[in-house]
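Take a walk through this fold, one stop at a time. Keep the sequence beside the structure as you read.

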Amino acid sequence: MQKLERFVVATLGKIQSIATRLLRINTGIQDYLVKEQLTSQKLHYAVSTVWYRAALHSQLCDSRERERLFGTIALRIRQSSKRQTILNTTVEEVRQFLRCDRVVVFQLSPDLSGEVVAASVTQDWPSILGWKMEKPCFYDSSKDHFLQGQARAIDDIYQANLSDCNLQFHEELQIRASLIVPILLTPDRERDQEDEGDKEEFMLSEYYKTSPSSPRYPITPSPKLWGLLIAHQCATPRNWHNQEVELIGDLAIQIAIGIQQALLLEQVQQENRERRKTEATLAVYKKIVSSSQEAISFVDHHYIYRAVNPICEQRFGLPSTKIVGCSLAEILGENIFTTTVKPYLDRALLGEKVHYEHWFNFEQAGQKFIQVSYYPYYESSGIISGVVVSTSDITQRKLVEEALEHQLLHTRLLQQITEQIRKTLDTQEIFETAALKIGRAFGVNRCIIHNYTAAPVPRMPVVAEYLAGDLVSFLGEEIPVEGNFHAQQVLSQEEAVVSNNVKEDPLLQPFDHLCQRFQIKSMLAVRTSYQEQINGVIGLHQCDHYRQWTPEEIVLFEAVAAQLGIALVQAQLLEREKQQRYQLQHQNQALEQATQVAQAANRAKSEFLANMSHEIRTPMNAILGFCELLQKCVTEPRQKSYVQSISSSGNTLLALINDILDLSKIEAGKLEVDYASLNLRLLIKEIQQIFSQQVSSKNLTLLTDIQETVPTGILFDGVRLRQILFNLVGNALKFTENGHIKISVSWQERLADKKNKEDSEKSSLAPQTLLTIAIEDTGIGINVEQQQQIFKAFVQNEGSINRKYGGTGLGLTITQRLTRLLGGTIEVKSQFGKGSTFTLNFPQVSLAKVETLEVELVEIKQIEPAEEFEGERLLELLEKLRIEEETFWSQLQITMKRREIRAFAQRLNQWAYEHQCQILLEYVTRLDNQLKVFDWEHLPETLQHFPQVRKALERNRLNY
């Protein structure tokens, strides 16, 4: 409260002080008016005068400010060379002068769309720089005013009677009042902007002259609207003064001038860039023309050289100063110019591109074959002012072409003569045809051919002749060789002997009388031979004039002689071949008859052996059967050894008979192939199982290697393949004492190569297959010399081997023939002392489906008990079975694991073959069959019967 009271007291004190001062001023004014005797009229006049002077002063200040602003902006516009800088300067200065919210420059496109390209705005309002509009809605209503350079001022958008579109446009941009001033450019300047090549000068200020009748002011077309300078008042309405509108209009003119100056500068810069680019291009062209290997020149329509390149100077042997300015007639010669050059130049001056080739004789370069091209040169106006001449020296190419053409003609002539000669292989006909064709080809009066024989005395009788005209025939004449130096020289060399004038040839002087008798004036002679064996001589006679034989004619004549020599040798060889063929034909007929007789005898032998083998095998089976019975009945050691010898020999004889029977069937063609589905993997396993006992007895290892790509089922003759593998594995086992035996199986499959592509397409692109089976051993091996002999019948490696290992020598023969019968091949690779590898290749083997769970197992043969079985070996087997029963079998009944049951069966199978126990083998076979077909219904029962097998063996031991 105290503070408030003090504030009120202080305020009242100030009010009293102000009132006192006002009272004193009023008193002073009254005193002054009384003293000066001023009436109310005088006072009103004085006040009006002061206010008028103050208004004039204010207007003068505003005018000075506008002039300053106008001068500043105009100066900046004229000082700036970039259009964007001009626009940015303008909008900033105008906004500050008008103190408005936003100033923009809106540039219009030809399609009436537009974009804000410059803008200045206060912080309170958004900038619309870069804002685009399809077609300003205010354009149609104000178009005429804008084209006349009139501005449009809108003090308040809500009082200006705007269209709905225009009103919405202002509201979206937050505009309450606006001032729009057009920026006008003339059409000529716009064309300068589009076409930078227009160089016409004009005054920018002429666009805005208003006295078209004055001669100083040319009539100009209507200006074009480039854009708009727009000021926005965003917060409140605004009354735009006339001075502001006039100032903005003047600034729009300055902006137009600045834009035109910037466009002109851009045009000049572009022209400078184009000029520099053109100058650089011209420099490159000049360098290209100067470095060109063609002579290039320019000739005007008066046939005067105006420019030449260095090659042209070299061509004429003159510097350019002595060529340029001279006429073509002066440089080339009047005759060449008139007859050769001028007609082509006239065609080029009429607008035609002309090309031709011609021989020219130059003073410095000599005679040259020139390729000439004329190209009409057009000015920018389209008038032909001259011709560009381009010439190339193609003399070397022309000479090569002529040489090739000449050579081609000679080649064709030689080919024609050769073809005619070789149409027949009759010697006399060859002579006559050669004389006719050679005489006509060389255009001589006479062509004679001599046949040459060296033994017993050299002779050269004339055997064929061609005559043109009424001349004396040379037929029947025989030219002597001894003492004839001309003939001896012809026979001693491959080159032709040339006599252009027989009277001047010293070699023909001794035979001048013959030359006169047969009217010979020029002669060309050459020998015919093949591999230095002379068989004749060809002579050409010119009788009606002396002839200079050209090098080309001589070369062609020598080539024809060489072909004739070959043709004669071929005819002689053909004659000999005919005789030999006739003799060979008779020999072949006799040989064929002998072969047929031998084949018939061989077939008869094979049929006899086949029949006899059947007849012999029947009693042999009976003998072996009784031997088997005797072995069980005979107990005396000596007698028992006799029976064993008979049985062993009988088995050997039976094996020999079987081999002979198979071989006879193959040779007689009675062995048939039966293709059926075959489980290849099971077959290999059967082979391994069959030979496992023998391998184990020799302490060897039988390995198998079947690649994953090998199919399970194939279409094949399983019986024959099994027989082949039995023979090869049996041989490997027989001849191997240490190491291993390995059966490898591989499968290759590929598409047909290009050679058989058509066949493959016919067979639906079936792939080519190859089945390869290799049997490898580490046995005694085979010598290289004997590797091809082992496939012959009754042939073995060595006699000592036959005595040591036995055998008939037919196994590999049968194997090879069975392999061929199945469409395959067999190969052997061996190294003596290190082992052998027999490889079977069967191409084009087809795939087949097999039932893996229902495949019949290999039937196990009956095992005959050996003498020692009932002794220690049986006790050893019983002990193994007892241990197996007490340890592994008791646990196996509980677990029933398939893998363990298989291992159990494999052990029993090995013991069965090792101890020759038939009872155990039958049990293992039954167990193995049930495992393979997954017969889990009967498998446990079979497994429980294992102790009964051991008990049965014990009973047999006691009974024995």
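In what order do the six strands of the open sheet run? The order is β14-β13-β12-β17-β16-β15, with antiparallel pairing. The edge strands are β14 (478-479) and β15 (497-499), and each of them pairs on one side only. Strands of a sheet pair through backbone hydrogen bonds, either parallel or antiparallel. Here, two strands count as paired if DSSP finds at least two bridges between them. Strands are DSSP runs of E with at least two residues, helices are runs of H or I with at least four, and both are numbered from the N terminus.

A word on the basis of all this. This is a predicted model, in which local features need pLDDT of at least 70 and side-chain atom pairs count only at pLDDT 80 or more, while totals for chains, interfaces and linings use all residues. Residues are numbered from 1 along each chain as its sequence is written, and side-chain values use heavy atoms, with hydrogens and water left out.

Stay with the sheet for a moment. Strand β16 (residues 522-530) pairs with strand β17 (residues 533-542) over nine bridges, in the antiparallel sense. L524 stands opposite L540 in β17.

Now go to strand β2 (residues 114-121), which holds S120. S120 counts as buried because its relative accessibility is 4%; the cut-offs are under 20% for buried, over 50% for exposed and partly exposed in between, with a 1.4 Å probe and protein chains only. Its side chain makes a polar contact with the side chain of R95, at 2.7 Å. Such a contact is a pair of N or O atoms within 3.5 Å; within protein, one must be able to donate a hydrogen and the other to accept it, and residues adjacent in sequence count only if both atoms are side-chain atoms. Leaving out residues up to four places away in sequence, S120 touches V91, E92, R95, D101, R102 and V103, where contact means heavy atoms within 4.5 Å.

Helix α1 (residues 2-36) contains L22. L22 counts as exposed because its relative accessibility is 55%.

Most residues other than glycine have a negative phi. Q174 has a positive phi, near 60°. Q174 sits in the loop between α5 (164-172) and β5 (177-185), and at 39% relative accessibility it counts as partly exposed. Y303 also has a positive phi, near 65°. The loop between β7 (295-300) and β8 (305-308) holds Y303. With a relative accessible area of 18%, Y303 is buried.
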